[in-house]
Amino acid sequence: GQSMSLVRNPQYHGSYSGNVGRVRLVFVGMETRDPQLPALYDAGELDILRVNELGSSVAEGLCRRNPGSRVVRVPSQALHFLVFDMTRPPFDDPRVRRAFVLGTDSGALVSAGPAAGLLPATGGLTPPGVPGHCPEIAPPFDPQRARQLLAEAGYPDGRGFPAITFMAYPPPVGELLRTQWRHNMGLDIPWATMEWGEYLRTVNRNQPHVHVMGWHADYPDPDSFLRVCLAQHSMWRNERYDELVQKARRVLDQGERMRLYRQAEEILVAEAPLMVLAYRETVVLVQPWVKS
C-alpha cells in the first residue's frame, strides 16, 4: 500500500546510459494480489509489472491484452524445497528420501502451480543464475523406482508407512504434492498449512516429518545454499560433503571452486536430506515504450 521513489543522483559523475531520471516503486503484499494492478497496466499507468504473484491465468490475460508488451524472465536466485526430518523414521532411511525424490514430478508440479515464475528443479540446490548451478544433476522422475525403494525400506505399495506430519506453504503446493504421492507411490499423506508467520514459528518450534521451505541467495555464490541454507534447514551432516564445502570457501581459483561445489552437490543429491521442488524466476511485463 505504499510507494518509494528512486531519483537519479545529479552529483554522480560515473559513466551511465539511459534517460531514466525517476522510478516510482509501488509495493503490494504478496497475499493481496491487488486486482487493480492489471487494470493499471492495461491503462498504461504502470510501465513495468511483476506478474509472479498475480497467478498464471492473470499473467496470460495481460499478455493477450497487451500484445506489444515484452515478457522478461530473470533467474531470481531462489528456490523451494522439501525438508526431511532425518532424526526419526521414516526419513532416517535414505531409501525413503530417495523414493520421494523419484516419485515427485517437478515439471508437473510447476505446470500446475498457482503462480508464474517457477521452473522445474532439474539441477541441485544451487539454482539457475548462481555460479555453480548444475543443470540436469537431479535424478529423473521415476515412480516405478520410487515404489521399489519404498518396498526395500519395508513399505510395499505404501503399506505400513507410518503416519507423518506434513506442512506446506503456499497451500496449493500441499495438495499438489499429496496428489502426486498418492498416485505415484501409493501414499496418502494429509497436510496442513497456516498463515506464513505462524507457519515459520510452527516448523521451527516443532519440526514436522516433512515440510516445504524456500531460500533466496544472501549473496550470488553456492556457499549461500550449500553451507548456509543447508545448515539452517537440515541436521544432516556428511564428513566428505563438509570437507568439500569448507575447502571451496578457501580456494581462490573460481574454476576449482565450482568443481568442488559440484562434487558436494553430487553427494547432496545422493543422500537427499532436502528435495528441490522448483526454482524461482522473476517475470515482469514491460510496456512497449520502455526500451533497454
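Predicted model: local features only at pLDDT ≥ 70, side-chain atom pairs only at ≥ 80, totals over all residues.

Trainee: Okay, at what angle do α8 and α10 pack?
Mentor: Helix α8 (residues 223–233) and helix α10 (residues 254–271) pack at about 45°, with their axes 11 Å apart. Helices here are DSSP runs of H or I with at least four residues, strands are runs of E with at least two, and both are numbered from the N terminus. The axes are lines fitted to C-alpha atoms, for helices over the stretch in contact, and the angles run from 0 to 180 degrees between N-to-C directions.

Trainee: And what does that make α8 and α10 to each other?
Mentor: They are therefore oblique to each other; angles under 35 degrees count as roughly parallel, over 145 as roughly antiparallel, 65 to 115 as roughly perpendicular, and the rest as oblique.

Trainee: Which residues meet there, between α8 and α10?
Mentor: From α8, Asp 223, Leu 226 and Leu 230 meet Tyr 261, Glu 265 and Leu 268 of α10, where contact means heavy atoms within 4.5 Å.

Trainee: How do the axes of α9 and α10 cross?
Mentor: The axes of helix α9 (residues 239–250) and α10 come within 9 Å and cross at roughly 160°. That makes α9 roughly antiparallel to α10. The residues that meet include Tyr 241, Leu 244 and Ala 248 in α9, and Leu 260, Ala 264 and Ile 267 in α10.

Trainee: Switching topic, which residues touch the most other members of the largest nonpolar core?
Mentor: That core has 61 residues, and those touching the most other members are Leu 82, Phe 100, Phe 161, Phe 166, Leu 177, Val 212 and Tyr 241. A nonpolar core is a set of buried Ala, Val, Leu, Ile, Met, Phe, Trp, Tyr and Cys residues joined through side-chain atoms within 4.5 Å. Buried means under 20% relative accessible area, exposed means over 50%, and partly exposed is in between, with a 1.4 Å probe and protein chains only. Helix α10 gives the most to this core, with 6 residues. There is also a second, separate core of 10 residues, which includes Tyr 41, Leu 46, Val 283 and Leu 285.

Trainee: What does Phe 100 touch?
Mentor: Not counting residues up to four places away in sequence, Phe 100 touches Phe 84, Phe 91, Phe 161, Trp 181, Met 185, Leu 187, Ile 189 and Met 275. Phe 100 is also one of the buried residues of helix α3 (residues 94–102), and what covers those buried residues includes β4 (70–84), α5 (143–152), α6 (171–185), α10 and β8 (274–286).

Trainee: Is Ala 272 buried or exposed?
Mentor: Ala 272 counts as buried, at 1% relative accessibility. It lies in the loop between α10 and β8, and its phi is near 50°, a positive value in a residue other than glycine. Glu 136 likewise has a positive phi, of about 65°, although it is not a glycine, but Glu 136 is exposed, with a relative accessible area of 60%.

Conventions: Residues numbered from 1 in each chain as written. Heavy atoms only, no water.
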